[in-house]
Amino acid sequence: MNTSFEKDEIEELVNEIKCNAEYENKMVLISWGHEIIEDMVKAFGYKHPPEWDHNTFDRAWILEFKDNGGVSTFQDIPQKLLSGDSSY
C-alpha cells in the first residue's frame, strides 16, 4: 500500500503508476475522494468521464490500458459490497 500522495497530488500519483515498472501489467486499486475522481481519470488519459454524482459512494471506475499507455476501456460498475448498493 502506497500512502505517500496527498489529495491534491493527482498528477504525481498518475505519473508514479504510469512510469514505474513495478505497476506494469498489474491491477492497481486507487481509493480517493470522489470530488476529484473525474480529474484523476482525465489525468490517466480518459478524456470524457461521466459526471460523478457527489451523493454516490458505491461505484467503482475501471480503466484498462493499451500497451502504449492509452486508455483502452472505461467501466462504471457497482461495488455491491453492502445491501442497498447499486445493482446496475
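Q: In the protein chain, what share of the contacts between residues at least 6 apart in sequence join residues at least 24 apart?
A: The share is 29%. Please keep in mind that this is a predicted model.

Q: Noted. How many helices and strands does the protein chain have?
A: The protein chain contains two helices and two strands.

Q: And in which pattern do they follow along the sequence?
A: The pattern along the sequence is α-α-β-β. Helix H1 covers 10–19 and helix H2 covers 37–43. Strand S1 then takes residues 59–65, and strand S2 takes residues 71–78.

Q: What box do the C-alpha atoms fill?
A: Along the principal axes, the box is roughly 40 × 25 × 25 Å.

Q: What percentage of the residues counts as buried?
A: The protein chain has 88 residues, and 25% of them count as buried. Its accessible surface is about 6800 Å². Carbon and sulfur atoms account for 49% of that surface.

Q: Let us turn to charge. How many positive and negative side chains are there?
A: There are 8 positive and 18 negative side chains. The centres of these two sets are 7 Å apart.

Q: Why would such side chains pair up at all?
A: Opposite charges on side chains can pair when the charged atoms come close.

Q: How many salt bridges does a search of the whole structure find?
A: The search finds two salt bridges.

Q: Which residue does glutamate 35 meet in a salt bridge?
A: Glutamate 35 meets lysine 7, with a distance of 2.4 Å from N to O. This pair links distant parts of the chain, since glutamate 35 is in the loop between H1 and H2 while lysine 7 is in the segment before H1, 28 residues apart.

Q: Is glutamate 35 buried, exposed or partly exposed?
A: Glutamate 35 counts as partly exposed, because its relative accessibility is 38%.

Q: What about aspartate 76, with which residue does it form a salt bridge?
A: Aspartate 76 forms its salt bridge with arginine 59, and the closest N and O atoms are 3.0 Å apart. Aspartate 76 belongs to strand S2 and arginine 59 to strand S1, so the pair ties together parts that are 17 residues apart in sequence.

Q: Are the two partners buried or exposed, or something in between?
A: Arginine 59 is buried, because its relative accessible area of 13% is under the 20% cut-off. Aspartate 76 is partly exposed, at 35% relative accessibility.

Q: Which residues is arginine 59 in contact with, leaving aside neighbours within four places in sequence?
A: Its contacts are Trp52, Asp76, Ile77, Pro78, Gln79, Ser86 and Tyr88.

Q: And alanine 60, where does that one lie?
A: Alanine 60 lies in strand S1. With neighbours within four places in sequence left aside, alanine 60 is in contact with Gln75, Asp76, Ile77 and Gln79. Alanine 60 is partly exposed, with a relative accessible area of 24%.

Q: How far apart in space are alanine 60 and leucine 13?
A: From C-alpha to C-alpha, alanine 60 and leucine 13 are 18 Å apart in space, and 47 residues separate them in sequence.

Q: A change of topic: where is the place of tryptophan 32?
A: Tryptophan 32 is in the loop between helix H1 and helix H2. Tryptophan 32 is partly exposed, because its relative accessible area is 26%.

Q: Which residues is tryptophan 32 in contact with, neighbours within four places in sequence aside?
A: The residues are Phe5, Glu6, Lys7, Ile10, Leu13 and Met40.

Q: Lysine 7 again! How far apart are tryptophan 32 and lysine 7?
A: They are 25 residues apart in sequence, and 7.6 Å apart in space from C-alpha to C-alpha. A polar atom of the tryptophan 32 side chain is 3.3 Å from the backbone oxygen of lysine 7.

Q: One last thing, on backbone angles. What is phi of asparagine 25?
A: Phi of asparagine 25 is near 60 degrees, which is a positive value in a residue other than glycine. Asparagine 25 sits in the loop between H1 and H2 and counts as exposed, at 74% relative accessibility.

Q: And what is phi of lysine 80?
A: Phi of lysine 80 is near 55 degrees, also a positive value in a residue other than glycine. Lysine 80 is in the segment after S2, and at 56% relative accessibility lysine 80 counts as exposed.

Methods:
Residues numbered from 1 in each chain as written. Predicted model: local features only at pLDDT ≥ 70, side-chain atom pairs only at ≥ 80, totals over all residues. Heavy atoms only, no water. Helix = DSSP H or I, 4+ residues; strand = E, 2+ residues; numbered from the N terminus. Buried < 20%, exposed > 50% of the residue type's maximum accessible area, 1.4 Å probe, protein only. Contact = heavy atoms within 4.5 Å. Areas by Shrake-Rupley, 256 points an atom, 1.4 Å probe, with all protein chains shown as cover. Lys, Arg positive; Asp, Glu negative; His and termini not counted. Charge placed at Lys NZ, Arg CZ, Asp CG, Glu CD. Polar contact = N/O pair within 3.5 Å; in protein donor to acceptor, adjacent residues only side chain to side chain. Salt bridge = Lys/Arg side-chain N within 4 Å of Asp/Glu carboxyl O.
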